[in-house]
Amino acid sequence: MSVKRKDVFKYAEESYGTTPEYLWEKTPDAAVLRNTRNKKWYGLVMNVRKSVIGLDGEGCVDILNIKCSPTVREVLIVESKAIPAYHMNKRLWISVILDKISEQEMRGVLDESYNLINRWYL
């Protein structure tokens, strides 16, 4: 069930022709996924300490920040698969915890995020 960041990157490249962009020296593992046409972000993969985002346990976890509908947002949060977005607008974005979702769920939320930011461009 556990999704890895490489799975996210592979799907993004195969589906949208995008590759991760590493923009910050202080967080070299944080990777932005950006629409190639309108340059808007549709995903951000980060490795964060569990304690920083309110999760139990020691160590770090990979998260995927995505834009989504209010319905998807609530379902994922209720199912403990996501939290309100870390370092993003908490009304429009969520942080999906990669090791708590399936590959199919990851594809679905990434598709929704891509489609939402793409709609603004059209």
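Strand 1 and strand 2, the latter covering residues 41-49, pair in the antiparallel sense over four bridges; two strands count as paired if DSSP finds at least two bridges between them. Within this pair, Leu 33 stands opposite Gly 43 in strand 2. Helix 1, residues 5-16, packs on the sheet and touches strand 1, strand 2 and strand 3 (60-67), where touching, or contact, means heavy atoms within 4.5 Å. The direction of helix 1 makes about 170 degrees with that of strand 2; for such angles, axes are lines fitted to C-alpha atoms, for helices over the stretch in contact, and the angles run from 0 to 180 degrees between N-to-C directions.

Before I go on, a word on where this comes from: it is a predicted model, in which local features need pLDDT of at least 70 and side-chain atom pairs count only at pLDDT 80 or more, while totals for chains, interfaces and linings use all residues. Residues are numbered from 1 along each chain as its sequence is written, and side-chain values use heavy atoms, with hydrogens and water left out.

Now the whole sheet: it is an open sheet of five strands in the order 1-2-3-5-4, with antiparallel pairing. Its edge strands are strand 1 (31-34) and strand 4 (82-84), each of which pairs on one side only. From one strand to the next, the twist averages 25 degrees.

How many helices and strands does the protein chain have? There are three helices and five strands, and from the N terminus on, the elements run α-β-β-β-α-β-β-α. Here helices (H or I, at least four residues) and strands (E, at least two) are DSSP runs, numbered from the N terminus.

Two residues in loops deserve a look at their backbone. Lys 39, in the loop between strand 1 and strand 2, has a phi near 65 degrees, which is a positive value in a residue other than glycine. Ser 80, in the loop between helix 2 (70-78) and strand 4, also has a positive phi, of about 60 degrees, although it is not a glycine. Lys 39 counts as partly exposed because its relative accessibility is 49%, and Ser 80 is partly exposed with a relative accessible area of 43%; buried means under 20% relative accessible area, exposed over 50%, and partly exposed in between, with a 1.4 Å probe and protein chains only.

Is Asn 118, by contrast, buried or exposed? Asn 118 lies in helix 3, residues 103-121, and is buried, because its relative accessible area is 13%. Leaving aside residues up to four places away in sequence, Asn 118 touches Asn 35, Arg 37 and Asn 38.

Next, the cysteines. Cys 60 counts as partly exposed at 43% relative accessibility, whereas Cys 68 is buried, with a relative accessible area of 8%. The structure holds zero disulfides, a disulfide being a pair of cysteine sulfur atoms within 2.5 Å.

Finally, the chain as a whole. Buried residues make up 44% of the 122 residues.
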